[in-house]
Amino acid sequence: MFYSRHVASGRLLEQRPPEETPVWIAALDAVRARQPDWAAAGVQARIAALLRFAERLADAKHELARMVCEEVGRCLRECEAELDKSVELVRYYARLAPQLLQHQTIATQASLSQVRFEPLGVVLAVMPWNYPVWQIIRFAVPALCSGNACVVKPAPSVLRVTQALFDLAGSELPFRPLWLAEADVAEAIARCDALAFTGSTDTGAKLAALAGASLKKSVLELGGSNAFIVLDDADLTQAAADACYSRFRDAGQSCNAAKRIIVTENAADEFTRLFLHECGYLKRGDPMHADTTLAPLHRRDLQLKVHAQVQDAVAHGAELLLGGKLPDDGSTFYPATVLSGITPACRMYREEVFGPAVGIFRARDAADAVRIANDNRFGLGASIYSADHEQAWALAQQIEAGSVFINRHTSSDLRLPFGGVKDSGYGRELSEFGLYEFVNVKSYWQK
């Protein structure tokens, strides 16, 4: 069942069953039938249609942000920022795509040889709930620019905002949702030409296996447990403020957040004091209110999972410095929680924590900090705070991650590729690298 629930009140807003198999197959066939004309229209025509969509998206910003706030639970200003970034992504690719999709003439012994970038066909995306507009836009816009058609299996718990997004897309784009039952996902992958997935590592591995069985290209943006490294010579005040923001924004429900704070021994006490001081400013409340900085979690089961990870850490000897108690009001809120003394025996050492809880790890020195950072199955991003830029860059090259930020918390930038290594997935989104993921890089040779 697809549904939307008001996170703060628990009220059911809307629900619908999955589409019957013949219904979604007919919808997919209709999108496929449109794709050749969309590709043949040329990049300028495709961009013009996408820019009109961006204008509609911008005009609906406040209404869509309100929907995201209600059914995901994130703070309203965070939801508004998601809409702003989504609109800017469309405009970014509108500027970039004509140049990047130009034919490239290569000098060979041929009279004419070229590389051209041609669409794969229909790309299926299986998308999560935490950024229900941004995640879809991030995958779809570069794929549509390249001449592909796109279909999306939305997350089950964001029905209303997903439908509103596709209503804005309208019929001008070969782009529609598929309200798939879980049992139909394998068939949908087999019927499409490529797969994009954002979500958990376990689900990503299953979907990648299905795509591989049909020899379909896939791009996976999976979980993260980003290391936030603070060295002796760092600006500890700035590092503490950034760590607090990164860990607790969006109620901690972001794959790219700081999730393991690793501090060298000489800086650990002072950093911890400053970090706890920053956490003291966090304010629980209605996510619609402007002064709320810590929103509820999306679902009860997510809240209970975070709490179980915290309890496990304490049971294995970690010290609870802040939070760690379930509220007694039946809400999905979870307090900002900070622990120290996380050991490899703790679930928090090896698992992603998708909520507002974080462990502070003490490292002997910079080399030990890198060792701890890499002693994890995830490899999405990392941060290093140090006044010695040369040392920070040298350490960054040793970190097993898709991105490393120096003296800043991890985030995504439209101009830079986004993705991970190890259990954080493969492939890249954003930038020119994201544009090229779902194209046939095709060679031409003329005698």
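Helices and strands are here DSSP runs, of at least four residues (H or I) for a helix and at least two (E) for a strand, numbered from the N terminus. The views below are taken from a predicted model.

**View 1. The largest pocket and the elements that line it.** The largest pocket of this predicted model has a volume of about 980 Å³, and its lining is made up of 37 residues, of which Trp129, Gly199, Ser200, Thr201 and Thr203 lie nearest the centre of the pocket. Strand β8 (194-198) and the helices α8 (201-213) and α11 (300-315) each supply at least two residues of this lining, and α11 gives the most, with five residues. Sorted by class, the lining of the largest pocket has 17 nonpolar residues, together with 10 polar and 10 charged ones.

**View 2. The crossing of helices α9 and α10.** Helix α9 covers residues 236-248 and helix α10 covers residues 265-279, and their axes come within 8 Å of each other while crossing at roughly 50 degrees. The two helices are therefore oblique to each other, and α9 passes α10 in a right-handed crossing. On the α9 side, the residues in contact are Leu236, Thr237, Ala239, Ala240, Ala241, Ala243, Cys244 and Phe248, and these meet Ala267, Glu270, Phe271, Leu274, Phe275, Glu278 and Cys279 of α10. The residues of this contact between α9 and α10 divide into 12 nonpolar, one polar and two charged.

**View 3. Helix α3 packed against helix α6.** Helix α3 (residues 61-72) and helix α6 (residues 159-169) pack at an angle of about 160 degrees, and their axes are 9 Å apart. Because angles over 145 degrees count as roughly antiparallel, this value makes α3 roughly antiparallel to α6. The crossing of α3 and α6 is left-handed, and the contact is made by Leu64, Arg66, Met67, Val68, Glu70 and Glu71 from α3 and by Leu159, Arg160, Val161, Ala164, Leu165 and Leu168 from α6. By class, eight nonpolar and four charged residues take part in the contact of α3 with α6, and no polar residue does.

**View 4. Helix α3 crossing helix α4.** Helix α4 spans residues 76-100, and the axes of α3 and α4 come within 8 Å and cross at roughly 130 degrees. That angle makes α3 oblique to α4, and the crossing of these two helices is right-handed. From α3, Lys61, His62, Leu64, Ala65, Arg66, Val68 and Cys69 meet Leu76, Cys79, Glu80, Glu82, Leu83 and Asp84 in α4. The contact of α3 with α4 has seven nonpolar residues, one polar residue and five charged residues.

View 5. When residues up to four places away in sequence are not counted, Gly427 touches Val219, Phe418, Gly419 and Glu437. Gly427 and Glu221 are 206 residues apart in sequence, and from C-alpha to C-alpha they are 7.6 Å apart in space.

Conventions:
Residues numbered from 1 in each chain as written. Predicted model: local features only at pLDDT ≥ 70, side-chain atom pairs only at ≥ 80, totals over all residues. Heavy atoms only, no water. Axes fitted to C-alpha atoms, helices over the stretch in contact; angles between N-to-C directions. Parallel < 35°, antiparallel > 145°, perpendicular 65-115°, else oblique. Left-handed = near helix turned anticlockwise from the far one by under 90°. Contact = heavy atoms within 4.5 Å. Nonpolar A, V, L, I, M, F, W, Y, C, P; charged D, E, K, R; others polar. 1 Å grid on protein atoms, 1.4 Å probe; cavity = no way out; pocket = protein on both sides within 12 Å on 5 of 7 lines; lining within 4 Å. Points joined across faces, edges and corners; volume = space filled by probe spheres on them.
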